[in-house]
Amino acid sequence: MATATLAADQVSYEDLYARWEKGNWSATGIDFSRDHHDWHGRLEEIQRRAALWNYALFFHGEDSVADNLSPYIDAAPREEQKYFLTTQQVDEARHAVFFGRFMNEVVGTGGETIADTLERTRPELTWGFRKTFERLDRMADELRADRSKPKLAAAVTLYHIIIEAALAQPGQHYIEDFWKGNGLMPGFQEGMENVARDEQRHIGFGVKLLADLVREDPDCRYAVADLLREVLPYTTALLRPPPGGEGYAEALGFTLEEIYTFGAQSMESKLAAAGLPLEELPGRPPLPYNLTHEQRARRGLLFLRSGVIGEKLGPPSSDPEVQAELFDALRMSVVHQKVAVEPTTVQWDFSDAAPWFLRAHNGSTTVEQGRLEQPDVVIRSTFEDWADVAVGREDARVAIAKRKLRPKGSPRALWRMTKLLA
Ligand SMILES: [Fe+2]
Ligand SMILES: [Fe+2]
């Protein structure tokens, strides 16, 4: 593993730096006069609302990544890495200036300072966005206090892999396609092309740095897997439009299924290029790699729409499709962790939803709706309390201590269940 040649090795830090010099552009030089005319005269109302929502996420995202990159420069072990990261910080500031100008000069949000313009567009931010970028703020603080390779690997996974590759890059792709296709908003098109080219370079660098860190310190794998498990339940919610914004994606020429599929594909390929294929990450699998990217996107959206993940506004839906997907994820997690146990059966007895059971054998594990005659363990709970544990909203031990989950069985069987579902 340590000597394997990775996709990340095909580019050098020096190349990446040289590409930055060649790719320099001016955010203050872009001419937005046609865009102003198109925005107010040619766009439909829903397109304006959708674009304001979507580009406000970019504006605030660029502001946050510009502010939070400094500790990465300090923590990077090599000079070449530090130099590239300083160029990236300049880029992120330039991107924020570009989106800030767009808000002021095209949309007309107003605002004397960048802070003013940010404030005026803040109501557009989604719950998933706020959670994701609050985590990035905290990550920057953690990295200031701990410059170790595992901490830097987790930080790069959040910044370069999740925020840049899985969330921003798919958005940029559809934005470029959409405006190119209808010939409107030429200034914005030009800026977005430059932003997308910069981001591609940043992601290429992040993948390379991550590959080097993982090779140099085996603990990095654990740090990356932990980070993914922690943040995916809310980063997945970032692009979910607000109530009333159900048609936003379509108004901008794509569907949520398409953009989530793109994101799933982008994240997996970057992790693999860094020597971290999903199926080799330690512990509970952060992503259902047994599914295609499209199926993964559909499951993510189903969990979001049914309230299993995302902002908690009440109990999640327990309809059969949601239950089936949740128990399939559990089955896959048991199979992935290859826990060697005696055959064990676990029955879920929900007070408010259909019962399910799991039959674990070495080599084959199945889940099914229904009731077993004599299960080794019975778990009683509401569907909501179980779903919270299953997606990591609540720790299993805490839920048991609070009596939200009430497992019953012989001490031996309970111990086997803990190993299976840990
Ligand atoms: Fe950026
Ligand atoms: Fe970037």
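Helices here are DSSP runs of H or I with at least four residues, numbered from the N terminus.

**Figure 1. Overview of the predicted model.** The protein has 17 helices and five strands. Its radius of gyration is 23 Å, close to the 22 Å that the globule rule gives for 422 residues, so the protein is as compact as a globular protein of that length. The C-alpha trace spans about 75 × 50 × 35 Å along its principal axes. Of the 422 residues, 44% are buried. Among contacts with a separation of 6 or more, 75% join residues 24 or more positions apart.

Figure 2. A kink of about 30° lies at Arg229, shortly before Pro233.

**Figure 3. Buried residues of α10 and their cover.** The buried residues include Cys220, Arg221, Leu227, Leu228, Val231 and Pro233. Parts of the model that cover the buried residues of α10 include α7 (127-145), α8 (149-182) and α9 (186-216).

**Figure 4. Close-up of helix α12, residues 256-273, and the residue Gly275.** The 18 residues of α12 reach 26 Å from first C-alpha to last, close to the 26 Å expected at 1.5 Å a residue. Gly275, which follows α12, has a positive phi, near 85°.

**Figure 5. Packing of α12.** Buried residues of α12 include Leu256, Tyr260, Met267, Glu268, Lys270 and Leu271. The buried residues of this helix pack against α8, α9, α11 (248-251) and α13 (293-305).

Terms used
Residues are numbered from 1 along each chain as its sequence is written. Chains are lettered from A and ligands numbered from 1 in the order in which they are written. This is a predicted model: local features need pLDDT of at least 70, side-chain atom pairs count only at pLDDT 80 or more; totals for chains, interfaces and linings use all residues. The bend at a residue is the angle between axes fitted to the seven residues ending there and the seven starting there. Helices (H or I, at least four residues) and strands (E, at least two) are DSSP runs, numbered from the N terminus. A residue is buried if 20 or more other C-beta atoms lie within 10 Å of its own, exposed if 12 or fewer, and partly exposed in between; C-beta atoms are placed from the backbone. Two residues are in contact if their C-beta atoms, placed from the backbone, lie within 7 Å. The expected span of a helix is 1.5 Å times one less than its number of residues. The radius of gyration is taken over C-alpha atoms; the globule rule is 2.2 Å times the number of residues to the power 0.38.
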